[in-house]
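Colleague: I would like to go through this model feature by feature. Please give me the general idea where there is one, then the case at hand.

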Amino acid sequence: MTTTLEAQLSDKLKMVMDETTGNVQEPLKHEEDSSIAPSSDAKTASPSSSDSATKVAAPEPEFYNKAQKYWSEIPATVNGMLGGLGYISAIDIQGSNVFLREIRVPGNRLALDCGAGIGRVTRNLLIPRFSCVDLVEQDSAFAEKAREYCISEDVSRGKVGHIYNVGLQKFTPSQQYDLVWSQWVLGHLTDRDLVSFFRRIKQGLAPGAFFCMKENVSSSKKAVEDKEDSSITRPLDSYEHFLKEAGFRIVRKVKQQNFPKGLFPVYMIACKPVSKE
């Protein structure tokens with residue numbers, strides 16, 4: 001379903017329970033005991049199995065419907081998007097800005113924000129850099145708020161283009177972008193849909209363009225399943241595996257610094273299509 005740009009960070013800070021209890025923690029939350037595997041009912045295999053590949057716990061309709069319901073009850077505010085941790089937004093944007101400067105995105109015409117929520121990343125990271133930014137956001141209330149939030153009077157540079165009110169598992173880009181940015185949302189995709197999304201996004205990149213993702217990762221080789229918001233926090237090497245399977249090569253990989261202690265590690269990954277190099 002992939003509903004918000006903050007989908008992996010939102011509305012939570014639950015302590016992780018011991019692995020033998022079968023309980024799991026929320027996406028951006030305490031990491032003291034993070035090597036929790038998905039529960040034993042995780043039966044949906046990844047497109048190609050590996051030791052690092054995760055498995056989705058629920059049948060796909062239930063997996064997506066539960067996430068959509070969860071996000072429909074979250075306030076359309078920065079604090080809502082960040083699960084009460086609105087104060088980390090500036091630190092997050094600063095880290096992303098440094099990352100984008102390091103990879104040197106070649107164009108500044110058009111960017112895409114995947115899982116955009118109310119447009120926090122669009123407004124603060126992408127609009128200052130690009131002439132136009134498109135957004136993908138499934139929750140209609142968040143999508144409506146995003147246009148208002150991103151074209152307010154104090155945002156003078158850039159403009160909002162199309163807002164696609166659809167989940168990432170159904171989204172196919174119809175334009176070519178200089179940058180596609182996806183943040184705190186990929187845990188709401190099943191493994192199969194994640195690889196399919198990567199492949200479709202690859203076709204929506206202009207020559208030389210980057211696909212960048214920023215996600216929580218688990219600290220072990222096992223995934224952490226959150227049944228409340230219906231998401232999965234994957235190990236870093238699972239994302240690397242799925243990106244490679246989809247035909248990407250990783251150009252840069254950086255850990256976000258200066259987040260509060262006790263949270264999941266957050267990594268930024270920049271990639272380019274193998275076939276276009």
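Predicted model: local features only at pLDDT ≥ 70, side-chain atom pairs only at ≥ 80, totals over all residues.

Colleague: Among contacts between residues at least 6 apart in sequence, what share joins residues at least 24 apart?

Modeller: That share is 74%.

Colleague: How should I read the nonpolar cores?

Modeller: In soluble globular proteins, nonpolar side chains tend to be buried together. Here the largest nonpolar core has 36 residues, and Leu-186, Phe-197, Phe-198 and Phe-211 touch the most other members. Elements that give two or more residues to this core include α1 (60-72), β1 (110-114), α6 (191-203) and β5 (205-216). A second, separate core of 25 residues includes Val-133, Tyr-149, Cys-212 and Met-268.

Colleague: What does Phe-197 contact beyond its neighbours within four places in sequence?

Modeller: Phe-197 is in contact with Cys-114, Leu-168, Leu-186, Leu-189 and Phe-211. Phe-197 also belongs to an aromatic cluster with Phe-198, Phe-211 and Phe-248. The count of aromatic pairs comes to 10.

Colleague: How do I check the length of α6 and read its buried residues?

Modeller: Take the length first. At 1.5 Å a residue, the 13 residues of α6 should span 18 Å, and the end C-alpha atoms are 19 Å apart, which agrees. For the side chains, the general idea is that an α-helix has 3.6 residues a turn, so residues three or four places apart point the same way. In α6 the buried residues are Asp-191, Asp-193, Leu-194, Val-195, Phe-197, Phe-198, Arg-200, Ile-201 and Lys-202.

Colleague: Is Phe-171 buried or exposed, and where does it lie?

Modeller: Phe-171 lies in the loop between β3 (160-164) and β4 (177-183). Its relative accessible area is 3%, under the 20% cut-off, so Phe-171 counts as buried. Apart from neighbours within four places in sequence, Phe-171 is in contact with Leu-112, Val-136, Tyr-164, Val-166, Arg-200 and Ile-201. Phe-171 and Gln-138 are 33 residues apart in sequence, and their C-alpha atoms are 9.8 Å apart.

Colleague: Which ring does the charged end of Arg-123 sit over?

Modeller: The charged end of Arg-123 sits over the ring of Tyr-149, at 4.6 Å from the ring centre. Tyr-149 is one of the residues of the second core.

Key: Residues numbered from 1 in each chain as written. Heavy atoms only, no water. Helix = DSSP H or I, 4+ residues; strand = E, 2+ residues; numbered from the N terminus. Buried < 20%, exposed > 50% of the residue type's maximum accessible area, 1.4 Å probe, protein only. Contact = heavy atoms within 4.5 Å. Core = buried A, V, L, I, M, F, W, Y, C linked by side-chain atoms within 4.5 Å. Expected span 1.5 Å × (residues − 1). Phe/Tyr/Trp six-rings, centres within 6.5 Å; stacked < 30°, edge-to-face > 60°. Lys NZ or Arg CZ within 6 Å of the ring centre and 35° of its normal.
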